[in-house]
Amino acid sequence: MPETPACFIDSEKAAAMSAAAVFSETGSSKDGLSTLEAEKRLEEFGRNAIEEKKSSSLLMFLKFFWGPIPWMIEAAAILSLIAHDWSDFGIIMVMLVFNALIGFWEEHKASNALEALKKGLALKARACRDGKWGEIPAENLVTGDIIRVRLGDVIPADSKLIEGEYLSVDQAALTGESLPVNKKNGDVIYSGSVAKQGEMQAVVIATGSNTFFGRTARLVAGAGNISHFQQAVMRVGNFLIGLSIFLCIVLSAVVLYREHIASGTINIQELMRLAKFVLILAIASIPVAMPAVLSVTMALGALAMSRRKAIVARLQSIEEMAGVDILCSDKTGTLTKNELTLGEPLLFEADNAEECVLGGALASKAENNDAIDLAIIDGLKDKIVLKKYEQLDFIPFDPVSKRTQATVKNSQGETVFYTKGAPQVIVEMSDLSDRLKKEAEAKVQQLAEHGYRALGVAESKDNRNWRLLGIIPLFDPPRDDSAETIRQAKEHGLDVKMVTGDDVAIASEISGKLGMGTRIQAAADTFKDVDPEKVPDQLAQCIERADGFARVFPEHKYGIVKALQKRGHIVAMTGDGVNDAPALKQADAGVAVSGATDAARAAAALILTAPGLSVIIKAIETARKIFERMTSYTVYRIAMTIDVMVFVVLAMLLFPKVPGTEILFRPLTPIMIIVLALLDDIPIMTIAYDNAKVAKNPVRWHMGRVLSVSTALGAFSVIQTFGLLFVGMMYMNHELFGQMIKPEHLQTMIFLQLVVGGHLMLFVTRAKKLFFIPPLPDSRLFWAIISTQIFAAVMCGFGWLVPKLSWQLIGLVWLYNIIWMFVLDVVKLTVYRLLDLDALHQRGFISRQRSILHHYSHHHHLHRQK
């Protein structure tokens, strides 16, 4: 055997080569490679992955100096430079660099979080190394490796099929072929395509960038899809930008006319100062940190969910998880233990129970790690008996045939066929009389009513005439935590519906035990002659009322999701197989359960790494917390922008000059506005860590509600700031708490009020109840707010960058804001109460309308009958 292959083999060339020629060129054999040889090739030819081109950290950092907001800051810096305002220039540059650092750090942290999550999603491959089969990371495959591919696998590398019956492959993503392609020995399968049916062995001919996929793929760097929530928040951001720019234009026009055009004198220096002031005011009001806050909140939330064994495949799916009100859950492995226990076999043509179980074991394959196969094999009293038989061929279970089949040579050298699968299928295949067939069906029904799953086992000498050996009962008990988890789900406003391929009786038994209800519909009957894309309204209502669904095929899952969405629900659907992919994609939140195929995980929004329904419920709770954090940030950001922007513009329009003087009035200096913006950025970055209450019901984005609360808080905050302004003007040129009040001191008072009042408002907006009721703020948020306020107080007390205030006056401003914090909390509670009453009224109105319509419809029906 050559030490290393000469090169990768082109797929077209490999298709024309014999298996022996491929083995010769790749330096391999049917027994695969040795671990040492594989490691040598891995080092020489590289990993089986397409290397992603990453931008340098420097370029990532520099991009934060390019864009509309950085341009505005840079323009203000240039104006300061021209006017020789060196202190302003220095502070503006600090703001520019600080914003860039914040954005860079948060994006870097978010990308690192996502990178950590991706590591948990690494694809696996079954390969033969050193003559033994085992799972290895797909990226460690090399040319010459022998791999096994079966139903649901994503093909890990370009390979030539060498052994097995058949393989049906979906390669639509690569070639555009809409239907699966049947492959046989000698055919080539491509990396990235999906095995739909069958099982075969193959030799790897190309990996990484040398595969068909690697040569044609183009990595496109982009921001990806934006969720509905992010779009809504971005609309809020655009609204705030528009409002800020509009008020700045109004302010500029009025001041320009009043101070320059009306007087007939134009002072270039004053015009530049006005332009710089307006630019800085707009910058301070625009939500510069919004993208960073959103990305880090979602990324940290995704990390929290991963610690709870739920990996977020797409960050934008967190919003959908928070709003889920119906969860369609698989039964096996999610609601039950997926630990099948064999009952006493019901015998037909077998002499004893051991013969029946042996027939089932011979129609199984331990290497496939199938739960039913392993349960049957474990059910044998004496497993040594299997050594008397040689399995010549094996056809695994698939959703179409609903059975497995094995060709076996016994100790006498005879070829015998064994099959096991759905009892209806096995009974129909067997040569039983009609009476015995009805008896078998009755026994299956009886087992089903007690929660047992039945498995038919048959034997044949010629693969045509089958003897029904018996029916083996299998029982998968509910998980210990399932009943309690479902109770918690109901408390959270979640309706959990069971979705299973088992019969109605089994589903009803398990569903009843778990307290989910017993109104189980047979999906095969429900969707008979119905296009899943166009579910009638009456059928959609019927699906909505059901407690669960039995005899479900993959296409039924898709129809169930569509029907529930048509009824206005946000739906989460669990799945594990490649055929579940359409339903997982259609669902608002597709969930790939623990042990799902690569194809199912690729289609899902949430990927579970531990079994059980509790993992999904915990993930939904975490998603609701994340949603609450982002909502509280949005309310705060709108209210704060209204406070700063409206106050400054109104103050300058109402008070052209300081009362009793000819001095032009500016409520804040440019430096104060810049420092205010910088200090605002620090606490809001810690919102992602805040303790949030889990909403009792599914949460959705209500723009009207958010705008109502934030506008009310913003309006009262403007009144709050004007209150302090009037107090300062009353004491202009008089002493207040040991401080002679001058115009510049009034500016410092307003600056301190906006910092303290604005940051205290974060405590108000983060909760829908009184701000001091648990859950209390996270220590990082709490100390970020307190530290920025202490820093602002020290600035004012020592006169750093702002005119100095007496400590007594600083204390007065603090006390004034603390009192107003309680006032704003009452305003918030009042607005929420009014909104809740309005919502109740609307629901009552709708309910009455429905009652009237029902009454009218009933009478109209009676009239037609007459």
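Is Lys-402 buried, exposed or partly exposed? At 28% relative accessibility, Lys-402 counts as partly exposed, since buried means under 20% relative accessible area, exposed means over 50%, and partly exposed lies in between (1.4 Å probe, protein chains only). The model is a predicted one, so to speak of local features takes a pLDDT of at least 70, side-chain atom pairs count only at pLDDT 80 or more, and totals for chains, interfaces and linings use all residues. Residues are numbered from 1 along each chain as its sequence is written, and side-chain values use heavy atoms, with hydrogens and water left out.

Now for the chain as a whole. It has 29 helices and 24 strands; helices (H or I, at least four residues) and strands (E, at least two) are DSSP runs, numbered from the N terminus. Of the 866 residues in the chain, 52% are buried. The chain exposes about 39,400 Å², and carbon and sulfur atoms supply 58% of that (Shrake-Rupley method with a 1.4 Å probe; for residues, only the protein chains shown count as cover). Take the contacts (heavy atoms within 4.5 Å) between residues at least 6 apart in sequence: 72% of them join residues at least 24 apart.

Two helix pairs come next. Two packed helices are described by the angle between their axes and the distance between the axes. Helix 26 (residues 703-730) and helix 27 (residues 743-765) have axes that come within 10 Å and cross at roughly 150°; axes are lines fitted to C-alpha atoms, for helices over the stretch in contact, and angles run from 0 to 180 degrees between N-to-C directions. That makes helix 26 roughly antiparallel to helix 27 (under 35 degrees is roughly parallel, over 145 roughly antiparallel, 65 to 115 roughly perpendicular and the rest oblique). On the helix 26 side, the residues that meet helix 27 include Leu-713, Ser-717 and Met-729, and their partners in helix 27 include Leu-746, Gln-753 and Thr-765. By class, this contact of helix 26 with helix 27 has 10 nonpolar, seven polar and no charged residues (Ala, Val, Leu, Ile, Met, Phe, Trp, Tyr, Cys and Pro count as nonpolar, Asp, Glu, Lys and Arg as charged, and the others, Gly among them, as polar).

The axes of helix 24 (residues 613-654) and helix 25 (residues 670-684) come within 13 Å and cross at roughly 165°. Helix 24 is therefore roughly antiparallel to helix 25. Here Tyr-633, Tyr-636, Met-640 and Val-644 in helix 24 meet Leu-676, Asp-680 and Ile-684 in helix 25. Those residues divide into six nonpolar, no polar and one charged.

Gln-201 sits in strand 7 (residues 194-206) and, at 14% relative accessibility, counts as buried. Leaving out residues up to four places away in sequence, Gln-201 touches Trp-133, Ile-146, Ile-147, Arg-148, Lys-160, Leu-161, Ile-162 and Glu-163.

Most residues other than glycine have a negative phi, and most peptide bonds are trans. Lys-402, in the loop between strand 12 (390-395) and strand 13 (403-409), has a positive phi near 60°. Asp-529 also has a positive phi near 60°; this residue is in the loop between helix 19 (523-526) and helix 20 (537-545) and is exposed, with a relative accessible area of 78%. Finally, a cis peptide bond with omega of about 5° joins Pro-774 and Pro-775, and Pro-775 has its place in the loop between helix 27 and helix 28 (779-798).
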